Amino acid sequence: MTDMGREHVATTGAGWGWIIAYGVLSALFGLAALLWPFPATIAATFVIGIAFTVSGIFSLIAGLRGAGAESRGYSILLGVLSIVAGVIMIARPLTGAISLTIVVAAWLLLRGALEIVLGFRMRRRRWLMLLLGVVNILLALLIIGTVPFSALTLPGFILGASFLFGGVTAIMAGMDHRSGASAFTFPD
């Protein structure tokens, strides 16, 4: 057995409890966000605001300190815009939630249009791609038609679904790892 093979055998199964604990915690956060989407939306907007602000500060510093760099102006402008967006999201999370919701609606609208175009070009399962495009456009219109109410809950629901499914995935991977398999197996 090669050194690499022995190393794999020795570490397979180690840490499975941490993976499952992470999965349980993530799933619980997901369930909480689904049950209480408004507070989850506010929390997500606040965290994204902090991330924008911090990344803006680093971009601004890079632009100001990057003497001779071609991208100094870009870094400074991006930094200022990110700081402004972040501060607005932190100070006025409902405004930030509305912005996030409008971006999701625009993405669904564009995605639906592209799926319809692709559906007309497909030979097999055309109806399925066309249906998917129509559903995404209808979802976008529903979101747009219900702003600002949808903005109060949609980011929380998205966050909740992501945490819940991510948690379930981690729990299953941890159980696999406990039985001796690699936690997250990728093809060789």
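The model is predicted, so local features need pLDDT of at least 70 and side-chain atom pairs count only at pLDDT 80 or more, while totals for chains, interfaces and linings use all residues. Residues are numbered from 1 along each chain as its sequence is written, and side-chain values use heavy atoms, with hydrogens and water left out.

The protein contains 7 helices and 0 strands; helices (H or I, at least four residues) and strands (E, at least two) are DSSP runs numbered from the N terminus. Along the sequence the pattern reads α-α-α-α-α-α-α. A contact means heavy atoms within 4.5 Å. Among contacts in the protein with a separation of 6 or more, 73% are between residues 24 or more positions apart.

Of the 188 residues, 29% count as buried. Buried means under 20% relative accessible area, exposed means over 50%, and partly exposed lies in between (1.4 Å probe, protein chains only). The accessible surface of the protein is about 12600 Å², and carbon and sulfur atoms hold 75% of this area. Accessible areas come from the Shrake-Rupley method with a 1.4 Å probe; for residues, only the protein chains shown count as cover.

The largest nonpolar core consists of 5 residues, namely A105, L108, A140, I143 and L154. Helices α5 (93-121) and α6 are the elements that give two or more residues to this core. A nonpolar core is a set of buried Ala, Val, Leu, Ile, Met, Phe, Trp, Tyr and Cys residues joined through side-chain atoms within 4.5 Å. In soluble globular proteins, nonpolar side chains tend to be buried together. With residues up to four places away in sequence not counted, L154 touches T41, T101, V104 and I143. T101 lies in helix α5 and counts as buried because its relative accessibility is 1%.

On the surface, W127, L128, L131, V135, L139 and L142 form a nonpolar patch with about 590 Å² of accessible area together. Patches are made of residues with over 30% relative accessible area and no salt bridge; like charges are joined within 9 Å, and nonpolar side chains (Val, Leu, Ile, Met, Phe, Trp, Tyr) within 5 Å. L128, one of the patch residues, lies in helix α6 (residues 126-146) and is partly exposed at 41% relative accessibility.

A search of the whole structure finds 1 salt bridge, defined as a side-chain nitrogen of Lys or Arg within 4 Å of a carboxyl oxygen of Asp or Glu. R111 forms a salt bridge with E115, and the closest N and O atoms are 2.5 Å apart. Both residues lie in helix α5, 4 residues apart, about one turn of the helix. An α-helix has 3.6 residues a turn, so residues three or four places apart point the same way. R111 is partly exposed at 32% relative accessibility, whereas E115 is buried at 8%.

Helix α7 (residues 149-178) has 30 residues and should span 44 Å at 1.5 Å a residue; its end C-alpha atoms are 44 Å apart, which agrees. The expected span is 1.5 Å times one less than the number of residues. Just after α7, G180 takes a positive phi of about 105°. Elsewhere, Y74 lies in helix α4 (residues 72-91) and is exposed, with a relative accessible area of 57%. The C-alpha atoms of Y74 and S59 are separated by 8.9 Å, the two residues being 15 residues apart along the chain.
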